[in-house]
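Dear colleague,

Please find below the structure that I am handing over to you. My findings follow it, arranged by region.

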Amino acid sequence: MLEVRGLHKAFVLHTIDGREVSALRGVDLAVRAGEHVALAGRSGAGKSSLLRCVFRTYLPSAGSLLFRTASGAVVDLVGLSDASMADLRGHEIGYVSQFLRAEPRRSVLELVARAGVARGMPIDDARSAAASALARLGIEERLWAVHATVLSGGQKQRVNLAAGTISPPRLLLLDEPVSALDPANREAVLSMIASLSDSGVAVLSVFHDLEAIERLATRVVVLADGRVVADGPPAATLRDSELDLEVAR
Ligand SMILES: Nc1ncnc2c1ncn2[C@@H]1O[C@H](COP(=O)(O)OP(=O)(O)OP(=O)(O)O)[C@@H](O)[C@H]1O
């Protein structure tokens, strides 16, 4: 579904003499339908930058991001117009980070339902899908009418996931989706992600949680200094890349 080829991303630090920082230096990887590829690597290795390039929050400096759309056409996300990219974000590619971008005057239920409407659902269907998604992720009904800004970090993270998966995208990008969760809620989120993979969603993720990676990922791609240094089955790849302590921390 996604093929990343020779991807580079450099940032020019205008406030520090125009110095250049290379976050990605020629990354190649592929994610197929139903596959869950977890990105691992030490802090600063380029994991979040890669997810942001795929979602086009960052424009890559070079390389290609070939994405097979629902219609079967293969498009390069790097050169895609903003309008076409917005369309893909609405329907086919989802991105869930650890931070909730909440609109202050919108209730939790409305926030999640609006994400469904943006993906083409009629409002009534979106509201009932939002209610099921929130219930499934352990957000109690008494919180559905409050504004999302008053929620705790872990509650915001689950609302974010409910919004990002209300009408599941074909490719889901996850950036540390369980970092603020207690064990019971972490479990609810992990099983939701597993069921999305079972239904054929392609997932590219970053987890700072070895157990989550071993449980959910079908492959691990290890990045170091913006390059792929290993790509293989989770347990063996993490063990061989000596990342265990860093990832499990
Ligand atoms: N917007 C930005 N402007 C300048 N430099 C950036 C920007 N985003 C990332 N970088 C730099 O790119 C490099 C890779 O950062 P990135 O956040 O992708 O790493 P990471 O592997 O996700 O790290 P972590 O595990 O700590 O989140 C770092 O050197 C970082 O400082």
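Two residues are taken to be in contact if their C-beta atoms, placed from the backbone, lie within 7 Å. Please also keep in mind that this is a predicted model.

With that cut-off, I begin with R158, a residue of helix α5. Setting aside neighbours within four places in sequence, R158 is in contact with L137, G138, I139, N185 and V189. The C-alpha atoms of R158 and L134 are separated by 7.8 Å, although the two residues are 24 places apart along the chain.

Helix α5 covers residues 153-165 and helix α6 covers residues 183-198; they pack at an angle of about 15°, and their axes are 11 Å apart. Angles under 35 degrees count as roughly parallel, and α5 and α6 are therefore roughly parallel to each other. Their crossing is left-handed. On the side of α5 the contact is made by G154, R158, L161 and T165, and on the side of α6 by N185, V189 and L196. By class, the residues of this contact divide into 3 nonpolar, 3 polar and 1 charged.

V203 is placed in strand β8, residues 202-206. V203 is buried, with 23 other C-beta atoms within 10 Å. Between the C-alpha atoms of V203 and V4 there is a separation of 14 Å, while the two residues are 199 residues apart along the chain.

Helix α3 (residues 108-118) packs with helix α4 (residues 123-136) at an angle of about 120°, and the axes are 8 Å apart. α3 and α4 are therefore oblique to each other, and their crossing is right-handed. From α3, the contact is made by V108, L109, V112, A113, G116 and V117; from α4, by I123, A126, R127, A129, A130, A131, A133 and L134. The contact of α3 with α4 has 12 nonpolar, 1 polar and 1 charged residues.

I turn now to the ligand. Which residues surround the ligand? They are F11, V21, A23, G41, S43, G44, A45, G46, K47, S48 and S49. The residues of this shell divide into 4 nonpolar, 6 polar and 1 charged. At least two residues of the shell are supplied by each of β2 (19-31) and α1 (47-54). α1 gives the most to the shell, with 3 residues.

Is helix α1 itself largely enclosed by the rest of the structure, or open? Of its 8 residues, 6 are buried, so α1 is largely enclosed by the rest of the structure. The buried residues of α1 are K47, S49, L50, L51, C53 and V54. After α1 comes R56, whose phi is positive, near 65°.

Yours sincerely

Conventions:
Residues are numbered from 1 along each chain as its sequence is written. This is a predicted model: local features need pLDDT of at least 70, side-chain atom pairs count only at pLDDT 80 or more; totals for chains, interfaces and linings use all residues. Axes are lines fitted to C-alpha atoms, for helices over the stretch in contact, and angles run from 0 to 180 degrees between N-to-C directions. Helices (H or I, at least four residues) and strands (E, at least two) are DSSP runs, numbered from the N terminus. Angles under 35 degrees count as roughly parallel, over 145 as roughly antiparallel, 65 to 115 as roughly perpendicular and the rest as oblique. A crossing is left-handed if the near helix is turned anticlockwise from the far one by less than a right angle, and right-handed if clockwise. Ala, Val, Leu, Ile, Met, Phe, Trp, Tyr, Cys and Pro count as nonpolar, Asp, Glu, Lys and Arg as charged, and the others, Gly among them, as polar. A residue is near a molecule or strand if its C-beta atom, placed from the backbone, lies within 6 Å of it. A residue is buried if 20 or more other C-beta atoms lie within 10 Å of its own, exposed if 12 or fewer, and partly exposed in between; C-beta atoms are placed from the backbone.
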